[in-house]
Amino acid sequence: MGNVAKSMVAAFAATVVLSAMMVVKAMMGIMPQLDIAAMLASMMGAPGNLALGWLGHFMIGTIGYGVVFALLAGRLPGSLIVQGVILGVIGWLVMMIMIMPMAGAGLFGLNLGIAAPIMTLMLHMIFGAVLGAVYKATTANT
């Protein structure tokens, strides 16, 4: 399996972990207005179609981050885990500066409150750490 495929496997695993944390957050009633799947579905012109929102979320997480991490792994500073966290923070910045305003949540999602950027940063950092750790595990013997 090539590095892009291994990176996509790692990105899928990280997306599963991130998604599980998002579901737990929602079940606990923490920031219910920060529903990424609903936000993506609305941005795709299908408000209320959560299946489409989740599909978009998994495609961004698996394909987008998977391909980019395969290209950047070894070129960023630190271990693969640190590199994953760096990519997660970069992705968070893109989300805060471009996606959140396009979704109507304002710059850095501040229309949803100060907790939105903080919570999404933590989630992106955990995503990146899992991405780097799984990628490291899949490439350990190559």
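## A buried phenylalanine

Let's start with Phe 127, which is buried at a relative accessible area of 2% (buried is under 20%, exposed is over 50%, and partly exposed is in between, using a 1.4 Å probe and protein chains only). Setting aside neighbours within four places in sequence, Phe 127 is in contact with Ala 11, Ala 14, Thr 15, Leu 18, Gly 61 and Tyr 65 (contact means heavy atoms within 4.5 Å). Thr 15 sits 112 residues from Phe 127 along the chain, yet the C-alpha atoms of the two are separated by 6.8 Å.

## What kind of model this is

This is a predicted model, so local features need pLDDT of at least 70 and side-chain atom pairs count only at pLDDT 80 or more, while totals for chains, interfaces and linings use all residues. Residues are numbered from 1 along each chain as its sequence is written, and side-chain values use heavy atoms, with hydrogens and water left out.

## The largest pocket

Where is there empty space? Rolling a probe the size of a water molecule over the atoms shows where it is left. Here the largest pocket has a volume of about 550 Å³. A pocket is an open set of points on a 1 Å grid over the protein atoms alone, where a 1.4 Å probe fits and protein lies on both sides within 12 Å along at least five of seven lines. The volume is the space filled by probe spheres set on the points, which are joined across faces, edges and corners.

The lining of the largest pocket has 25 residues, and Ile 36, Leu 40, His 57, Met 95 and His 124 lie nearest its centre (a lining residue has an atom within 4 Å of a point). Two or more lining residues come from each of α1 (3-27), α2 (36-43), α3 (50-72), α4 (80-102) and α5 (115-138). The largest share, six residues, belongs to α3. By class, the lining has 18 nonpolar, five polar and two charged residues. Ala, Val, Leu, Ile, Met, Phe, Trp, Tyr, Cys and Pro count as nonpolar, Asp, Glu, Lys and Arg as charged, and the others, Gly among them, as polar.

## How α4 meets α5

Two packed helices are described by the angle between their axes and the distance between the axes. For α4 and α5, the angle is about 145° and the axes are 7 Å apart. Axes are lines fitted to C-alpha atoms over the stretch in contact, with angles from 0 to 180 degrees between N-to-C directions.

Met 95 and Trp 92 are among the α4 residues that meet α5, whose side of the contact includes His 124 and Met 125.

## Loops and one more helix residue

Between α4 and α5 there is a loop that holds Phe 108. Phe 108 is partly exposed, with a relative accessible area of 25%, and its phi is near 60°, a positive value in a residue other than glycine. Leu 107 is in the loop between α4 and α5 too, and beyond its neighbours within four places in sequence it is in contact with Met 96, Ile 97 and Pro 101.

Back in helix α4 we find Gln 83. Is Gln 83 buried or exposed? Gln 83 is buried, with a relative accessible area of 4%. Not counting residues up to four places away in sequence, Gln 83 touches several residues, including Phe 69, Leu 72 and Pro 77.

Terms used
Helices (H or I, at least four residues) and strands (E, at least two) are DSSP runs, numbered from the N terminus.
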